[in-house]
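Student: I have a structure to read and some terms to learn. Can we go through them one by one?
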Amino acid sequence: NYITSDYKQGAWQAVSHLIRLGHSRIAHISGHHDATSAVLRLEGYRQALLDGGLDPDDALVAGGHLSEESAAGGMRQLLGLEERPTAVFCANDFMAVTAMEVIRDHGLRVPADIAVVGFGNWYWSDAIGLTTVEENPLEIGQRAALRLFELLENPDLPAEGVVLPVRLVVRASCGANPGFVPLVSGADTQPVPADAGPAAEH
C-alpha cells in the first residue's frame, strides 16, 4: 500500500514551464538516486526535455541527496560548467533556496541569470517568491490514516496505490510574472491541465 504525490508529472510540469519561458540549458539537482521519488522526478525532468525537443545532458544533472549541503555542491558543480545552465529544477524547496544562495554568491541574479524552480511548496516558499510544485501532505496523511483504519478492520484487503495530483505554483524565481499561467508548448491559450504530461509510474 502507498499514497504518494505524482513526482514524475510534477517534474514534467516544472521543466515544461521553463522550456516555455525559452530555456534550453535546464539543470536538475536531484535527490537520492535510489529513492523512488527522486527517480520519478528525474524521469519527469528528462521526459519534459524530450517532449520539448531538447536532448537530456547528464552533465546538467547534479546529485543533491535532498540536503542543503549537497545542493550547494551540486549548484557549484553546475556553475563550473563551460556553458552553465540558464535554469535549474531542484528536487525540493530547501535545495532550491540553497541553490539560489550559491547563485547569488557567484555574483549572478535569480531569475535574470538563472531561473530556479523547487518542489514541495513549503509555507515559506511564497515569501521568497519561489516557483515550485505544490504537493498536498495533509491529504496524503488523511488518506493514509483512513487506509490504516480500513486495514485494521479488514487485514485481507488487497494492496492499493494512490497517486495524488500536484500543481505548479508560478512565482518570481522562474522569471515569469506572478500571474503567469503555465503552458505546454503550442498555442498561448492552452494551460497545463491537471493530468498533462507523462502518466505516473509506481
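Tutor: Start with the rings: Y7, F89 and F119 form one aromatic cluster. This is a predicted model, where local features need pLDDT of at least 70, side-chain atom pairs count only at pLDDT 80 or more, and totals for chains, interfaces and linings use all residues. Residues are numbered from 1 along each chain as its sequence is written, and side-chain values use heavy atoms, with hydrogens and water left out.

Student: Why are Y7 and F119 called a tilted pair?

Tutor: Rings of Phe, Tyr and Trp (its six-membered ring) pair if their centres lie within 6.5 Å; planes under 30 degrees apart are stacked, over 60 edge-to-face, the rest tilted. Y7 and F119 have centres 5.8 Å apart and planes at 35 degrees, so the pair is tilted.

Student: What makes F89 and F119 a tilted pair?

Tutor: Their centres are 6.4 Å apart and their planes are at 50 degrees, so this pair is tilted. F89 lies in strand 4 and F119 in strand 5, so the pair ties together parts 30 residues apart in sequence. Strands are DSSP runs of E, at least two residues; helices are runs of H or I, at least four; both are numbered from the N terminus.

Student: Why is R41 said to lie over the face of F119?

Tutor: A charge sits over a ring if NZ of Lys or CZ of Arg is within 6 Å of the ring centre and within 35 degrees of the ring normal. R41 lies over the face of F119, at 4.4 Å from the ring centre.
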